[in-house]
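Could you look over this one with me? I've jotted down some points for someone who is new to it.

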Amino acid sequence: MVWLGHYEKSRDLLAEGVTLAARSGAVYAEQTGRGCALVVDWATGRWAGLAERCRAFVDESGDMPYLASDARMVLGLLALARGDWADALDRLTGPEAADLDTGPVPISATVSGALIRLALAHDDVAGAAAEAAVAWQRLRAKGIWAWAAELAPWAVEATLRAGDTAAASAMTAEFAAGLDGRDAPSADAALEWTRGVLAEHTGRTTEAAARYESSAAAYRSLPRPYHAALTAAGAARCALGGAQDSGPAVALLTDSAAVFDALGATWDAARTRAELRHHQPAAERRPPGRPAYGDALSPREEEVAELAAAGMSNREIAATLHLSPRTVEQHVARALQKTGVHSRQQLGRVLGPASH
């Protein structure tokens, strides 16, 4: 039920199951249930303190690391949303991570989706497409397409960016056929997202915006706030491509950035704010000239500092915020000077919780 998207029912059943397993001394069942509960919290946006709980769970697993595969996956997903890409890669593919070929398929599919997104963020389209092809084949071998919810949108995007529209269309159709008649609300929301990706990359932006909006509404109802914000931002991006009245789309981006900020998804918040700056209505833009911030960080310096503190390189920050690496270097230098710290890692301690 966790991977299908019935989160409230899953939460109740897991709580009962973990209690019964603890009473009967069934350690494996208890730990499995606790790990699943961490996945539910990640999916439903209960991110406050989640990384700490996952790390504690990993520590408890001791010489049975396979019991903590859920927790390691969640840590990787949280790190990806923060822009802490080195930590994300280590959590998702490190020596104690679940084996993608032999581990549980829902975890493998989710991890592959994250790895595809990570490769796309680094503009490694070939690597993303290769991961997508292998992960898709794993799912096809199992034939349980509800498990593709965390993979399909990213796999299809990678395939499209690699130039194989026919394969991406076939993947989308296969995903849809595999869900026909199934009770899988999370995958249904992901299918609309996937169809939006296909429409956007094939020039059908009006349809893409509608698909993304439909997906966002489905994710909100589950509830899955992070995915709702991702797809709402997609709808806004498509709408801004040709809309004369950009107000509603700008409002969507603003709301999405606020959701990312509240979750601590630093990288996503920064990307969304960068998109906002490109489309901000003229009436809301600041007047010409550089405002005086004194010893305080400017909004742009704080944005760059957050990503630097998360571990992103100047080149990665530049790609995220549509800046030159030299401009990023200057912003980082000013942030260090103004905050009085001596390293990018120390910036995280002076910027507050949103940067972690």
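Here are my notes, going from the overall picture to single residues.

1. A word on the ground rules. This is a predicted model, where local features need pLDDT of at least 70, side-chain atom pairs count only at pLDDT 80 or more, and totals for chains, interfaces and linings use all residues. Residues are numbered from 1 along each chain as its sequence is written, and side-chain values use heavy atoms, with hydrogens and water left out.

2. The overall build is helical: the chain has 18 helices and zero strands. Both are DSSP runs numbered from the N terminus, with helices being H or I of at least four residues and strands E of at least two. The C-alpha trace spans about 65 × 45 × 35 Å along its principal axes.

3. How much of the chain is buried? The figure is 49% of the 356 residues, with buried meaning under 20% relative accessible area, exposed over 50%, and partly exposed in between (1.4 Å probe, protein chains only).

4. Now the inside. The largest nonpolar core has 101 residues, and Trp47, Ile116 and Phe175 touch the most other members. Helix α6 (residues 105–121) contributes the most to this core, with 10 residues. Apart from it sits another core of seven residues, including Ala233, Ala249, Val250 and Leu276. A core here is a set of buried Ala, Val, Leu, Ile, Met, Phe, Trp, Tyr and Cys residues joined through side-chain atoms within 4.5 Å. In soluble globular proteins, nonpolar side chains tend to be buried together.

5. Take a look at Trp47. Setting aside neighbours within four places in sequence, Trp47 is in contact (heavy atoms within 4.5 Å) with Asp41, Trp42, Leu78, Ala81, Tyr226, Leu263 and Ala265.

6. Helix α8 (residues 152–161) is mostly covered, with nine of its 10 residues buried. Among those nine are Trp154, Glu157 and Thr159. The cover includes α6, α7 (125–142), α9 (165–179), α10 (185–201) and α12 (225–240). Just after α8, Gly163 has a positive phi of about 95 degrees.

7. Two backbone spots deserve a check. Most residues other than glycine have a negative phi, and most peptide bonds are trans. Asp123, in the loop between α6 and α7, has a positive phi near 60 degrees; Asp123 counts as exposed because its relative accessibility is 56%. The other spot is the cis peptide bond joining Leu222 and Pro223, with omega about 0 degrees. Pro223 is in the loop between α11 (205–221) and α12.
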